Amino acid sequence: MSSALATGTLDAPRAAGPGPVLVPATPASTPGRRPVQWLAALAWRVVKPSVAILAFLALWEVAPRVGLVDRVFLPPFTEVAATFFDLVGNGQLWEHVSTSLSRALTGFVIAVALAVPLGVAIAWYRPVADFLNPVLELFRNTAALALLPVFILVLGIGETSKVALVIYACTFPILLNTISGVRTVDPLLVKSARSLGFSQIALVYKVVLPAAVPTIFTGLRMAAASSILVLIAAEMVGAKAGLGYLITAAQLNFQIPDMYAGIIAIALVGLIFNAILVFVERRLSSWRVAL
């Protein structure tokens with residue numbers, strides 16, 4: 001020790017063995033900040049989808065006021081919102097919404113009742129597919145709105161032609177997605193069910209249809225959007241009530257805020273319709289989450 005001091009150096013003591021390694025705690029790993037970060041992440045998940053909508057509404061509000069667009073043809077959003085609530089308050093908007101919904105839902109339900117069993121039959125039985133494919137290929141490439149004059153001439157300008165047009169527009173998205181969903185079911189599921197002694201009806205009902213639910217509901221959501229679009233167009237041609245009639249009447253009478261209020265009502269109806277279908281799909285395909 002004295003010699004080391006004499007030379008002015010001191011050797012560091014050697015470690016006897018590997019010791020514990022101390023890692024300094026980071027701010028992210030401290031227990032106190034975890035609830036704050038969780039709440040911040042939850043708030044961002046709630047706010048994030050609405051950021052683009054809020055930005056769009058802000059642009060809609062500001063653009064007419066600063067002169068970017070003509071205020072006569074595009075009123076600020078607050079004026080349109082006030083008109084929307086006025087129409088809700090006096091019951092006029094609900095009258096048109098209920099009329100359009102009754103037509104759209106009637107046609108949609110009938111289309112589902114026709115297209116899903118027919119799609120299963122076409123996908124499951126080759127003779128049915130060979131017989132119906134030429135007719136389906138002919139009509140599925142014909143737009144529904146192109147046949148609107150035909151429906152009016154044959155069925156009249158009343159409710160029947162509008163509901164029939166909705167049925168036609170909804171049938172093909174549901175039918176084609178049902179065929180695709182049934183044909184893409186895992187063959188191992190079908191073989192396993194057959195080895196367990198399932199009959200054809202039980203096989204389709206308990207195995208094929210549950211496996212095809214996601215694809216079928218894709219067609220249902222497409223059909224729901226189509227039902228609203230074609231119905232609005234049909235109501236613009238000849239109707240005394242409905243959202244399409246409201247928009248056309250407001251345009252002809254130069255009630256521009258009423259026209260935009262009707263458009264907002266259509267968007268809300270479509271969002272609610274889609275949300276209901278998504279909820280039902282999750283309930284029917286909950287087994288996929290369990291897997």
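Predicted model: local features only at pLDDT ≥ 70, side-chain atom pairs only at ≥ 80, totals over all residues.

Residues are numbered from 1 along each chain as its sequence is written, and side-chain values use heavy atoms, with hydrogens and water left out.

Q: How many helices and how many strands does the chain have?
A: Helices (H or I, at least four residues) and strands (E, at least two) are DSSP runs, numbered from the N terminus. Going by those runs, the count for the chain is twelve helices and zero strands.

Q: Is Ala233 buried, partly exposed or exposed?
A: Ala233 sits in helix α9, residues 200-237. Buried means under 20% relative accessible area, exposed over 50%, and partly exposed in between (1.4 Å probe, protein chains only). Ala233 has 21% relative accessibility, so it counts as partly exposed.

Q: Which residues does Ala233 touch, leaving out those up to four places away in sequence?
A: A contact means heavy atoms within 4.5 Å. Leu148 is 85 residues from Ala233 in sequence, yet their C-alpha atoms are 9.1 Å apart in space. Leaving out residues up to four places away, Ala233 touches Leu145 and Leu148.

Q: What is the relative accessible area of Val280, and which class does that give?
A: Val280 belongs to helix α11, which covers residues 256-284. Its relative accessible area is 32%, so Val280 is partly exposed.
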